[in-house]
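This briefing covers one predicted model.

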Amino acid sequence: MSFLVTQEVFDQAVALVRPSIDALLAELGGGRRNLHIVVIEPSFHLYETTIAVDPKESWAHKYDEIARAKAELCHRTGQSSSYIVNEAPWILEGGDARFAGGFVQDELAAAVSGLLSHLDEVISRWIWSAVAGICKDRMKEIQEDKNSPDILPISEEQADATSNDAAAS
């Protein structure tokens, strides 16, 4: 589990990008008002949230499932979903989303579903950049703190995940 990609970092990234998301919805959303955002960090821990006006039951599509599938595709292949869908569709497997809208770099994947695919990808890249930027900022703080340990400590989230994995075995 990533030391720096946490629920707090994900929530902060969404909050930072939210004004731009709202502006995009107002200007280019074409009346669409519901979307789902997913981030998957290198060890496959998933963070997600919904920005919606309408109840999930009234959505035209299962945006949460589609966003998860986009993020998983990006994470698995190391490629943006637009590249896979448009340039290398033979990579698609059962369970993959047929839509673009996900971005990945350095094993950090972000995906959005709810708008047109190219707009989903715009927001995915914003979210990815915000998460990456926050992580870089936090790493800089750790490196500049002379009291930081040389080896990064195990976070509570990591300890919980490790104990849950052990209990499942």
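The buried residues of helix α1 are covered by elements that include β1, β2 and α4. Helices (H or I, at least four residues) and strands (E, at least two) are DSSP runs, numbered from the N terminus. Buried means under 20% relative accessible area, exposed over 50%, and partly exposed in between (1.4 Å probe, protein chains only).

The model is predicted: local features need pLDDT of at least 70, side-chain atom pairs count only at pLDDT 80 or more, and totals for chains, interfaces and linings use all residues. Residues are numbered from 1 along each chain as its sequence is written, and side-chain values use heavy atoms, with hydrogens and water left out.

**Helix α1**

- The buried residues in α1 are Val9, Phe10, Ala13, Val14, Val17, Ile21, Leu24 and Leu25.
- A kink of about 45 degrees lies at arginine 18 in α1, shortly before proline 19. The bend at a residue is the angle between axes fitted to the seven residues ending there and the seven starting there.
- Glycine 30 follows α1 and has a positive phi, near 60 degrees.

**The sheet and the helices on it**

- Four strands make an open sheet, ordered β2-β1-β4-β3, with antiparallel pairing. Because β2 (46-52) and β3 (102-105) stand at the edges with a single partner strand each, one side of each is left without a neighbour in the sheet.
- Neighbouring strands of this sheet are turned by 10 degrees against each other on average, direction ignored. Axes are lines fitted to C-alpha atoms, for helices over the stretch in contact, and angles run from 0 to 180 degrees between N-to-C directions.
- Helix α1 (residues 7-28) packs on the sheet, where it touches β1 and β2, and its direction makes about 30 degrees with that of β2. Contact means heavy atoms within 4.5 Å.
- Helix α4 (residues 117-144) lies across β1, β3 and β4 and runs at about 145 degrees to β4.
- Seven bridges join β1 (residues 34-40) to β2 in the antiparallel sense. Two strands pair if DSSP finds at least two bridges between them.
- Leucine 35 has isoleucine 51 in β2 as its bridge partner, and isoleucine 37 has threonine 49 in β2.
- The hairpin of β1 and β2 has five residues between the strands, and phenylalanine 44 there takes a positive phi near 80 degrees.

**Salt bridges**

- The model has 11 salt bridges, each a side-chain nitrogen of Lys or Arg within 4 Å of a carboxyl oxygen of Asp or Glu.
- Arginine 33 and aspartate 54 form a salt bridge whose closest N and O atoms are 2.3 Å apart. This pair links distant parts of the chain, 21 residues apart: arginine 33 is in the loop between α1 and β1, and aspartate 54 in the loop between β2 and α2 (63-77).
- Arginine 33 is partly exposed, at 40% relative accessibility, and aspartate 54 is partly exposed at 23%.
- Arginine 68 forms a salt bridge with glutamate 48, with 2.9 Å between the closest N and O atoms. Because arginine 68 lies in helix α2 and glutamate 48 in strand β2, the pair ties together parts that are 20 residues apart in sequence.
- Arginine 68 also meets aspartate 64 in a salt bridge (3.5 Å, N to O). Arginine 68 and aspartate 64 both lie in α2, four residues apart, about one turn of the helix.
- Aspartate 64 counts as buried because its relative accessibility is 6%, whereas arginine 68 is partly exposed at 24% and glutamate 48 is partly exposed at 30%.
- A network of salt bridges links Glu48, Lys56, Asp64 and Arg68.

**Serine 113**

- Serine 113 is in strand β4 (residues 108-113) and counts as buried because its relative accessibility is 4%.
- Apart from neighbours within four places in sequence, serine 113 contacts Asn34, Leu35, His36, Tyr63, Ile66, Ala67, Lys70 and Asp120.

- Most residues other than glycine have a negative phi.
- Aspartate 106, in the loop between β3 and β4, has a positive phi near 55 degrees. Aspartate 106 counts as exposed, at 64% relative accessibility.
- Glutamate 107 lies in the loop between β3 and β4 and has a positive phi of about 65 degrees, although it is not a glycine. Glutamate 107 is exposed, with a relative accessible area of 51%.
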